[in-house]
Structure formats: C-alpha cells, structure tokens
Amino acid sequence: MGWLVYPGIFVTLLGLCGLLYCIWKANGLRNSSLEGEDMTAQLQRLIPINLASVCVAGIGLALVVVSKLL
C-alpha cells in the first residue's frame, strides 16, 4: 500500500494550501479599513473554507498513516 502515500501527501498539501489562503485572506482583512459588521461578514465567509481545509488535510494525513500501517 505504499502507493497510497503520494495521494495522501497531495491531499494534505491541498488542505494546507487552503489554510494558507485563509490566513492570507484574514490578514488582508485585518489590514483593511473594514470595521464592525462588514468585517464580521467577511470573516464568516472564511469559516467554511477553513473547516474544509482542516478536514481535507486530516484526510490526507489519515491516508498517509493508513498506508504506513498497511
């Protein structure tokens, strides 16, 4: 099952790219002139992307671990 390592690494890196996007976007919002409800609305749009990225990275890491155990 060694072939499962490379797709797992790819999926993990895909999730990490999503997390880096969320960090980049939130930092850009932090430096913008938005305040109050506008800032909250923009940040709430990032929450699903952030959660999906964490799940994708977790699935990728699970693939790597399973491939090493098998």
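What follows is a short report on the fold, the surface, an aromatic pair and the cysteines.

## Ground rules

This is a predicted model, so local features need pLDDT of at least 70 and side-chain atom pairs count only at pLDDT 80 or more, while totals for chains, interfaces and linings use all residues. Residues are numbered from 1 along each chain as its sequence is written, and side-chain values use heavy atoms, with hydrogens and water left out.

## Overall build

The protein has two helices and zero strands (these are DSSP runs, H or I of at least four residues for helices and E of at least two for strands, numbered from the N terminus). Its radius of gyration is 16 Å, well over the 11 Å that the globule rule gives for 70 residues, so the protein is more spread out than a compact globule. That radius is taken over C-alpha atoms, and the rule is 2.2 Å times the number of residues to the power 0.38. Along the principal axes, the C-alpha trace spans about 50 × 15 × 10 Å.

Now for contacts, meaning heavy atoms within 4.5 Å. Take those between residues at least 6 apart in sequence: 75% of them join residues at least 24 apart.

## Surface and interior

How much of the protein counts as buried? Of its 70 residues, 20% do (buried is under 20% relative accessible area, exposed is over 50%, and partly exposed is in between, with a 1.4 Å probe and protein chains only). The protein exposes about 5200 Å², and carbon and sulfur atoms supply 70% of that; the areas come from the Shrake-Rupley method with a 1.4 Å probe.

## The aromatic pair

There's one aromatic pair in the structure. Y21 and W24 make a tilted pair, 6.1 Å centre to centre with 45° between the planes. For the terms: rings of Phe, Tyr and Trp (its six-membered ring) pair if their centres lie within 6.5 Å, and planes under 30 degrees apart are stacked, over 60 edge-to-face, and the rest tilted.

Both residues sit in helix α1 (residues 5-30), three residues apart, or about one turn of the helix. Y21 is partly exposed at 37% relative accessible area, and W24 is exposed at 60%.

## The cysteines

C22 is buried at 7% relative accessibility, whereas C55 is partly exposed at 48%.
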